[in-house]
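Please keep the structure open while going through the numbered points.

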Amino acid sequence: MTEPVKRTTLGASEVAAIFGFSRFASPFSLWAKLHGLTTDKATATTLRGQIIEPAFREWYAGRLGVQIVPGPRYEDTPWQRADMPWQAARPDGHWIDGDGLHLIEIKTTRDWQAWHDGPPPDYRFQVLWQQWVASGMPWGVTLVDTHLISYCPMAEDFRDFQLAWDEKTQRRA
């Protein structure tokens, strides 16, 4: 058994697990991890994402003609809401333009089965939490949307989902 890591924040993928939306963690497995009973193990999927993410972020920035600022690394302090600092997020990047703040979240997938109606629920939940956290930070600009980019190496295909931070979304948050 390992010592529990003293945590003061809760992140986007963890919130999806708490509410049972995650395909990768259950509420119990998250509880066990937060209490030091289990540890995260790197998988081929997480390794693939870590390798591809920086290159894909740079490619996407060039495609849009914007400068994307990388999000906080896991060893760095996450973004936190000013009014509720226990609520945290680590989006993969962001940029600010004349419209406001845009977030980017990058995913890889082996196939598109879970994506038939758009992003799977756990990723939508993760993006909603990231938007909620970002909206509570002192940016000085309006949060506009999140670009959820998914790449499927097996199909040599990518998909770009723009998830707005609009009035309807804000009410759900």
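In which element of the protein is confidence lowest, and in which is confidence highest?

1. Confidence. The lowest mean, 76, belongs to helix 5 (residues 167–172), and the highest, 97, to strand 4 (residues 93–97). These values are pLDDT, the predictor's confidence in each residue, from 0 to 100. The protein averages a pLDDT of 89, and 96% of the residues score at least 70.

2. Basis of the note. This is a predicted model, in which local features need pLDDT of at least 70, side-chain atom pairs count only at pLDDT 80 or more, and totals for chains, interfaces and linings use all residues. Residues are numbered from 1 along each chain as its sequence is written, and side-chain values use heavy atoms, with hydrogens and water left out.

3. Elements. The protein has 5 helices and 7 strands; both are DSSP runs numbered from the N terminus, helices being H or I with at least four residues and strands E with at least two. Along the sequence the pattern reads α-α-α-β-β-β-β-β-α-β-β-α.

4. Five strands form an open sheet of 5 strands in the order 1-4-5-6-7, with mixed pairing. Its edge strands, strand 1 (69–70) and strand 7 (157–164), each pair on one side only. Two strands are taken to pair if DSSP finds at least two bridges between them.

5. Antiparallel pairs. Strand 4 pairs with strand 5 (residues 100–108) in the antiparallel sense over 5 bridges, and G93 stands opposite I104 in strand 5. Strand 6 and strand 7 also run antiparallel, joined by 8 bridges; there, I149 has D160 in strand 7 as its bridge partner. A hairpin is formed by strand 6 and strand 7 with 4 residues between them, and E156 in the turn has a positive phi of about 50 degrees.

6. Helices on the sheet. Which strands does helix 4 (residues 121–135) lie across? Helix 4 lies across strand 5, strand 6 and strand 7, at about 150 degrees to strand 5. Such angles run from 0 to 180 degrees between N-to-C directions, with axes as lines fitted to C-alpha atoms, for helices over the stretch in contact; contact means heavy atoms within 4.5 Å.

7. Overall form. The radius of gyration is 16 Å, which agrees with the value near 16 Å for a compact globule of 173 residues; the radius is taken over C-alpha atoms, and the globule rule is 2.2 Å times the number of residues to the power 0.38. Along the principal axes, the C-alpha atoms fill a box of roughly 50 × 40 × 30 Å. Among contacts between residues at least 6 apart in sequence, 63% join residues at least 24 apart.

8. Of the 173 residues, 40% count as buried, meaning under 20% relative accessible area, with exposed over 50% and partly exposed in between (1.4 Å probe, protein chains only). F28, in helix 2 (residues 27–34), counts as exposed because its relative accessibility is 59%. F28 and A17 are 11 residues apart in sequence, and their C-alpha atoms are 8.7 Å apart. P54, in helix 3, has 39% relative accessibility and therefore counts as partly exposed. The C-alpha atoms of P54 and P70 are separated by 8.2 Å, with the residues 16 apart along the chain.
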